[in-house]
Every structure is written in C-alpha cells, then in structure tokens.
Amino acid sequence: MITAILFDLDGTLLDRETSLKQFISTQYSRLPALHHISKDNYISRFLELDCHGYVWKDKVYQNLVSEFSIETLSWQDLLQDYENEFLHSCIPFPNLHSTLITLKTQQYLLGIVTNGLGTFQRRTVQGLGIENYFETILISEVEGVRKPDPEIFYRALHKLGVTPEQSVFVGDHPTVDVLGAKNIGMKAIWKRDRHWTEPVEADAIVEDLGMLPEIVQIFNDL
C-alpha cells in the first residue's frame, strides 16, 4: 500500500525553464547596466550557459560579465540579485496546488528531495507557496549527500516513517530521480521532460501533475 509520495523540485513541481526565462527577462529590465546588450542575446546566452540548471550561476554570471563586457556590476552583484529575486519568478507546473490538495485530502504523506543549495531551494519552495503541504523537505547541500545516492532517499523515508515499498518518487530526471528511487525499491513516476530520454525503469509517466492521484490509486489497487 502506497502511503507516501516524494517529489523532486526543479522540473517536477517548479516549471524551471519558464521561471528562469521570466527571471532573466525581469533582471534585464531592472538593471540598466545590462542595457548595452540586446535583451534577446542576454536571455539566450544565459540559457545556453545554464545548461538546464546543471551549471551553477556563479559560473554563468562570470561568463556573462566577461563576454558582454558588463562594467558597472560584478558577477557577484548579479548572482546576489538572482539569489534574492528568483523566488518572485517561480512558476508552478499546471495543477500543482490542486494535486497537492487532493493528495493531502487522501491522507498521503508528502515530501521533497531535491539537489541544490539549501537557502535557495527553500526560497524556491516559498516562491511556489507549497511549503505547508509537505511533512519533510530534504536538500542536498543541507544533507551533505545528493541524489541518486540511496542515503538521501532513505533519510526522507525515515523522516516520514515509511518503507520504500510504501512510497513513490516523482521526478523529471531519468537517472537522478527515477533510477535513484528504483534502486532502493521505491516506485518511480517520471514527470515527462523534453530534455531527457524516456526512462524504461519508470513505473508510470505523467505529462500533467493532475494525473498523479489516479496513478497512485492504480498502484494501490494492484
């Protein structure tokens, strides 16, 4: 019987690509020091350097400052702006809140297991307005271990008081999320992402978070 559902954050609950594009656009508009660059060039180069979130922003901004000869703001200034302001650009995937409400109403325990920096990821959760839905939130920097290491999954399950067989993990990364969860005996649901190849290990695939309650019910009916 499935009693707990754990989620990845970026690309699963947070529409990271749309959120990041919105943030970059607003950052450009807010900071006159960037206006010698065309807005389209600033946005497109930022996204290229970001590599879907797998390059941290200190490196991104160092490259941008050098390539675009940004003189009156340092890369540290731009990074601080990102860390302070990104939460105002956080955009959820469709049906996020309604799905979490449904799952809570159905008495499932909910958690988040995410790689990333502690304060920043906490602020992202805050920006989405979803912190109160979750019994536990584990962030790799705080835990000192990253997905797909089994330890971070086990810690989350321990905090919820459930076994792997009683839990499902929902995430967008085929290896970090799906395979990581499967390796400890959890069921895994892949949140489809066009950047990744469909994982054969997934127990189910969702295009929309609103599909989750029905899929988990199917697992429990088997």
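Trainee: How do the residues of the lining of the largest pocket divide into nonpolar, polar and charged?
Mentor: This is a predicted model, where local features need pLDDT of at least 70 and side-chain atom pairs pLDDT 80 or more, while totals for chains, interfaces and linings use all residues. Residues are numbered from 1 along each chain, and side-chain values use heavy atoms, without hydrogens or water. Nonpolar means Ala, Val, Leu, Ile, Met, Phe, Trp, Tyr, Cys and Pro, charged means Asp, Glu, Lys and Arg, and the others, Gly among them, are polar. On that basis the lining of the largest pocket holds 14 nonpolar, 10 polar and 17 charged residues.

Trainee: What volume does the largest pocket have?
Mentor: A pocket is an open set of 1 Å grid points where a 1.4 Å probe fits, with protein on both sides within 12 Å along at least five of seven lines; lining residues have an atom within 4 Å of a point. The volume, the space filled by probe spheres set on the points, is for the largest pocket about 930 Å³.

Trainee: Of the 41 residues that line the largest pocket, which are the closest to its centre?
Mentor: The lining of the largest pocket takes two or more residues from each of α1 (16–30), α2 (39–50), α6 (118–128) and α9 (174–182). Closest to the centre of the pocket are Asp 10, Arg 16, His 52, Gly 53 and Tyr 54.

Trainee: At what angle do α3 and α4 pack?
Mentor: Helix α3 covers residues 57–67 and helix α4 residues 75–85, with axes 9 Å apart. The angle between α3 and α4 is about 135 degrees.

Trainee: At roughly what angle do the axes of α1 and α4 cross?
Mentor: The axes of α1 and α4 come within 11 Å. These helices are therefore also oblique to each other. Their axes cross at roughly 125 degrees.

Trainee: Which residues does a cis peptide bond join?
Mentor: The proline concerned lies in the loop between α7 (140–143) and α8 (150–160). The bond has an omega of about 10 degrees, and it joins Lys 147 and Pro 148.

Trainee: Which residue has a positive phi although it is not a glycine?
Mentor: It lies in the loop between α2 and α3. Its phi is about 50 degrees, and the residue is Cys 51.

Notes. Helix = DSSP H or I, 4+ residues; strand = E, 2+ residues; numbered from the N terminus. Axes fitted to C-alpha atoms, helices over the stretch in contact; angles between N-to-C directions. Parallel < 35°, antiparallel > 145°, perpendicular 65-115°, else oblique.
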